[in-house]
Amino acid sequence: MSTNFHEDPVYREEFITAYLRRRLTADLAEQWESHYLACDDCFEEIRATELLIRGLGEPMVERRRVNDVTVLRFAQGAQLLASSLELSELSNVIRLQNDSKVLIDLSRVSRIDSTGLGVLMNCYCHAVKNAGALKLLNADAPVRRVLSVTKIDSVLQMFEDEAAAIASFGLPQA
Amino acid sequence: MNFSGEDLERLRPKVRFKVCYDVGFFCPDVDDIVQEALMRFMLAAREDKIHNQAAVGAFLNGICRNVVSEYRRRNMRDEPMPEVVPEPPGKSIAESELFELRDAIAQGMEQLSERDRRVLRAFYLEEKSKDEILKQTGMTDENFRVVLCRAKERFRAIYLERTQHPGNSRHS
């Protein structure tokens, strides 16, 4: 067991991740515990993996449900640019969760470029295909200007008030 | 077989982690369980009950398991519904510990490139296999290993920095 761990870091990481997720069988977990209790190197790797998973797991996009509408908001200030991680996370959140009625709160978005607009439109198409809609909330002036210049605001409805936005999906006001 | 006080202190965080893994980080008796396990281990070592040097980990693990089982039995006897429940999966860092580490974790994340983060997320959070990731990203096996090892090295340094200089992490 120990030979494999020390020879193959990928194998060890898969093992550590399974252990932290409590997916190892009782026997394997016991073997692994017996190993790391005697091996400083592997124990440090477990703790490092925990921290890394925590870092990776900090959500960039907060997601909550109001009736059947999914409201998305960036956890911190964000820029929806080609190079930004927030953009791919936003896209993933919408596509992977298969949300159809989506309201994106842009209050923390300071900039958006053509890739960001493209992702918003893709998400919109995804929502429409699922018989839903995608709308925007609280866009700042610079973002609003870009949406207006590109006439995307004629496709994506924008709101200043969350309750009104939720109601516009055809539901009673939250 | 003799273990010095220093040896025992090196074992303590590992035993603590193992105990927390079993009884949960919110268990108020973690430190007592750890102390009991280490004490039994030290006594066994003094009495030369550890015959196989290569099986020290398994021996210590057995002691921890026994102490945890006894603790649970005692709790069950005292209270019909024990308050101590195992942590849910993926919640193995205590929140207080996490609070101290938050800045260090954020700094560690900032040092990762966007591609690295994407790859690591796929591996750790989306639970994709190495082969799937290689296929999706077009990376070579070697590249993948570099990304993984580089990230691990940074976060291992964060962990070691914290354990060697506790209390510094929030100011680093």
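This is a predicted model: local features need pLDDT of at least 70, side-chain atom pairs count only at pLDDT 80 or more; totals for chains, interfaces and linings use all residues.

Analyst: In chain B, 29% of the 172 residues are buried. Its secondary structure amounts to seven helices and zero strands. Along the sequence the pattern reads α-α-α-α-α-α-α. Among contacts in chain B with a separation of 6 or more, 65% join residues 24 or more positions apart.

Now the interface. Chain B puts 34 residues in contact with 30 residues of chain A. Five helices of chain B each give two or more residues to that side: α1 (5-23), α3 (56-78), α4 (95-110), α5 (114-125) and α7 (141-164). The most comes from α7(B), with 10 residues. By type, the side of chain B that touches chain A holds 19 nonpolar, five polar and 10 charged residues.

Next, the packing. The largest nonpolar core has 51 residues. Those touching the most other members are A:L51, A:L52, B:V15, B:V19, B:I33, B:A37 and B:L60. Take B:V15. Leaving out residues up to four places away in sequence, B:V15 touches B:V34, B:A37, B:L38, B:L60 and B:C64. Another core lies apart from the largest one. This other core has 28 residues, including A:L80, A:I94, A:L120 and A:L136.

Chain A has an open sheet of five strands. The strand order is β1-β2-β4-β6-β7, with mixed pairing. The edges are β1 (61-66) and β7 (158-159) of chain A, each pairing on one side only. In general, strands of a sheet pair through backbone hydrogen bonds, parallel or antiparallel. Strands β4 (residues 101-105) and β6 (residues 133-137) of chain A run parallel, joined by five bridges. Within this pair, A:V102 stands opposite A:L134 of β6(A). Helix α6 (residues 114-129) of chain A lies across both β4 and β6 of chain A. The helix α6(A) runs at about 135 degrees to β6(A).

Last, a helix of chain A, α2 (residues 9-20). It has 12 residues, so at 1.5 Å a residue it should span 16 Å. The end C-alpha atoms of α2(A) are 16 Å apart, which agrees. Buried residues in α2(A) are A:R12, A:E13, A:F15, A:I16, A:T17 and A:L20. An α-helix has 3.6 residues a turn, so residues three or four places apart point the same way. After α2(A) comes A:R22, with a positive phi near 55 degrees.

Technical notes. Residues are numbered from 1 along each chain as its sequence is written. Chains are lettered from A and ligands numbered from 1 in the order in which they are written. Two residues are in contact if their C-beta atoms, placed from the backbone, lie within 7 Å. Helices (H or I, at least four residues) and strands (E, at least two) are DSSP runs, numbered from the N terminus. Ala, Val, Leu, Ile, Met, Phe, Trp, Tyr, Cys and Pro count as nonpolar, Asp, Glu, Lys and Arg as charged, and the others, Gly among them, as polar. A residue is buried if 20 or more other C-beta atoms lie within 10 Å of its own, exposed if 12 or fewer, and partly exposed in between; C-beta atoms are placed from the backbone. The expected span of a helix is 1.5 Å times one less than its number of residues. A nonpolar core is a set of buried Ala, Val, Leu, Ile, Met, Phe, Trp, Tyr and Cys residues joined through C-beta atoms within 7 Å. Two strands pair if DSSP finds at least two bridges between them. Axes are lines fitted to C-alpha atoms, for helices over the stretch in contact, and angles run from 0 to 180 degrees between N-to-C directions.
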